[in-house]
Structures are given as structure tokens and as C-alpha cells.
Amino acid sequence: DVLITLGAGALRDAVATAEDYPVDGARWLSSFVEDAILLRHAHQERGTSTGWRAVDALYTVAPGELTVMTGVPGSGKSEWLDALMINLAQFDGWTFAIYSPENQPGEQHFVKLAQKYLRKPYWPGPTTPMTDNEIRAFGSWAGDRFLFFDPERPTLETIIGLARGFVFRKGIRGLVIDPWNRLDHSRPAGVTLTEYVRDFLAQLSAFAKRNDVHVWLTAHPKKMEVVGGVPSVPTAYDISDSAHFFNMADNIIVVNRNKSDETSPVDIILQKVRFQRVGRIGTAQLFYDRVTGRYREVV
């Protein structure tokens, strides 16, 4: 048609300047030039502050990433994650979808979050507890910032499906799955456990990237060796079921607390940080207040 309508010269020009037909899922390196420049100039972003200077030096919260958290039982993984959510909601307006069956019933989780926000205990004791009006005020503030999932069959597909809906409806920015072993992990026939974990984490990571959501997944380690009455500090390679927890996560955090000495600080250990702009590996220390469940800087 070009030859007949416009002539041989126009046809030669059309062939010489033709662009490749776009293939879904494939991009030439040259297409990233402007994105790379934006990455450098757009606020020099490291991610959102955690609310603790010591932790920010090692880890900030970037959208589209998967953070795996571990620690021996009683180390405070869930407590620290709750405190992090309160900080992100309070100081940067984050909203969260949460699957946390170990914190059920829901009012129990409400209490833990309220203590961290109000900086007061819930129950009467030596320290003046929060009042009913303060509880109501917290509920009013937190009411549309924390969404709890409790599906009848908690598969990964169910959790992701629910979360995706609320990303579009309510602008959810964080998804918490706490812990891994309380999900329904029915494997298809012929799929090994290692293959299942790999595919699970790949789906979770893809969900985070496609929806610009940060995902936290807590997972218990295997039983650790005890030296001098103190369990060894686990790594993501010690998480039961697969080494893929370390391989596929963007960030690995280990929460480690010396339960025999409540006055000692809690170690927040960054064992893996995929991108330099987000942070680096190392250990930050925070003091834990058992009365309110809050964490404060070691100064």
C-alpha cells in the first residue's frame, strides 16, 4: 500500500525508520535511561523512615519490596512489626492490610497497637492506664488505617486477592503476613516443598512490585542451638522449609532479644538489603518497654 500510494522512496524510509513491535515483558536497556535519571534525582529516595534513627541508618521502607522477618520465639518479631506499623501510620500516613492469626481475637491486637500509639498501658497497674476516651480516640484515628483479614481458608491467593482489592479501594501501602506457618500451605501434587516456597515468595514479591506495596512476612526459624543458656541468633537460612526465604527476599530482618535480661537492648539485625538506596546490613539497637510495647532509641 505504501509503495502504490506514496512511492518507492516513502517505502524505503518507512523500512529504514521502523521500530520493533513491542513484546510484552521485554524492554531494551535504552528504554530505562529516563527512569534511571529520575531514580537519581527524585528525592534521592531511601524509602520511608521507620521512626527510629538507628534503624533508618540500616533500613528504610520502600514500596514494592518484600521483607522477611525472623527470630526465635519470644524475641519480639510481632511486637516490633506492630511498632513499625504505628510509626509509619502516624508519621507518614501509611495504611495496612494484616493477616495475623496469632494476635486474634481482633480486640487483643487493637490493645497492642493502642498501647504503642498512646504510650500507656491498657491494664491498670503501677503506671496510669489509658482511659476509655483515649481508647475511643485511638480507634477513631486508627479505624481506616489498619484492616484485618481472617479468611476461612487463608491461602496465599486469598490473602493477595483481598489485599489487591483494598489497594484500589483504600490505598493500602503495607501488607503484613504474620506468621508464615499459619497460612494454608496445601501443595499441588508433584511439587516439592522447596519449589512451593520458591513459587510462593515469587508471587508475594510480584504482588508487592505490581501494586507498589511493601510486604512483611514473618517466619519462625528451626530450633536453634543453645549456648550458655542463650539460643544462637538465627538467619533466614535457618527458617524452616527452604533457603529461598533468604534468596528471594529484598530485605532480611532478625529481631533478637535477651529474655534473661529485660534491661538489655533489642537487636534489630539487617542480614540482607538488596538495594543500597534502601539501607545496608548491620545491627541497630532499641530499648523495649514491656509496659507499653514501645521501642525507643538507645541514647
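Which element gives the most to the lining of the largest cavity? That would be helix 5, with three residues. Keep in mind that this is a predicted model: local features need pLDDT of at least 70, side-chain atom pairs count only at pLDDT 80 or more, and totals for chains, interfaces and linings use all residues. Residues are numbered from 1 along each chain as its sequence is written, and side-chain values use heavy atoms, with hydrogens and water left out.

**Cavities**

- The structure has two cavities of 30 Å³ or more; a cavity here is a set of points, on a 1 Å grid over the protein atoms alone, where a 1.4 Å probe fits but cannot get out.
- A volume is the space filled by probe spheres set on the points, with grid points joined across faces, edges and corners.
- The largest cavity comes to about 40 Å³.
- Its lining (residues with an atom within 4 Å of a point) is made of W52, A83, I86, N87, K116, R294 and Y295.
- Two elements give two or more residues to that lining, namely helix 5 (77-92) and strand 11 (294-297); helices (H or I, at least four residues) and strands (E, at least two) are DSSP runs, numbered from the N terminus.
- By class, the lining of the largest cavity splits into four nonpolar, one polar and two charged residues. For the classes, Ala, Val, Leu, Ile, Met, Phe, Trp, Tyr, Cys and Pro are nonpolar, Asp, Glu, Lys and Arg are charged, and the others, Gly among them, are polar.
- The second largest cavity holds about 30 Å³ of space, and R257, N258, D261, E262, S264, V266 and Y288 line it.

**Salt bridges**

- There are nine salt bridges, each a side-chain nitrogen of Lys or Arg within 4 Å of a carboxyl oxygen of Asp or Glu.
- One of them joins R173 and D92 at 3.7 Å, N to O. The pair ties together distant parts of the chain, 81 residues apart: R173 sits in the loop between helix 8 (156-170) and strand 4 (174-177), and D92 in helix 5.
- R173 counts as partly exposed because its relative accessibility is 30%, and D92 is partly exposed too, at 38%. The cut-offs: buried is under 20% relative accessible area, exposed is over 50%, and partly exposed is in between (1.4 Å probe, protein chains only).
- R153 and D184 meet at 3.0 Å, N to O.
- R153 is partly exposed at 48%, and so is D184 at 22%.
- K209 pairs with D250 at 4.0 Å, N to O. K209 is in helix 9, while D250 is in the loop between helix 10 (244-248) and strand 8 (251-256), 41 residues apart.
- D250 is buried, because its relative accessible area is 2%.
- E79, K112 and K116 are linked in a salt-bridge network; K116 is also one of the residues lining the largest cavity.

**Nonpolar patch**

- V2, L3, I4, L6, L11 and V15 make a nonpolar surface patch of about 590 Å². Patch residues have over 30% relative accessible area and no salt bridge, with like charges joined within 9 Å and nonpolar side chains (Val, Leu, Ile, Met, Phe, Trp, Tyr) within 5 Å.
- Accessible areas come from the Shrake-Rupley method with a 1.4 Å probe, and for residues only the protein chains shown count as cover.
- Helix 1 (2-6) and helix 2 (8-16) each supply at least two residues of the patch, and helix 1 gives the most, with four.
- I4 lies in helix 1 and is exposed, with a relative accessible area of 75%.

Methods: On a 1 Å grid over the protein atoms alone, a cavity is a set of points where a 1.4 Å probe fits but cannot get out, and a pocket is an open set with protein on both sides within 12 Å along at least five of seven lines; lining residues have an atom within 4 Å of a point.
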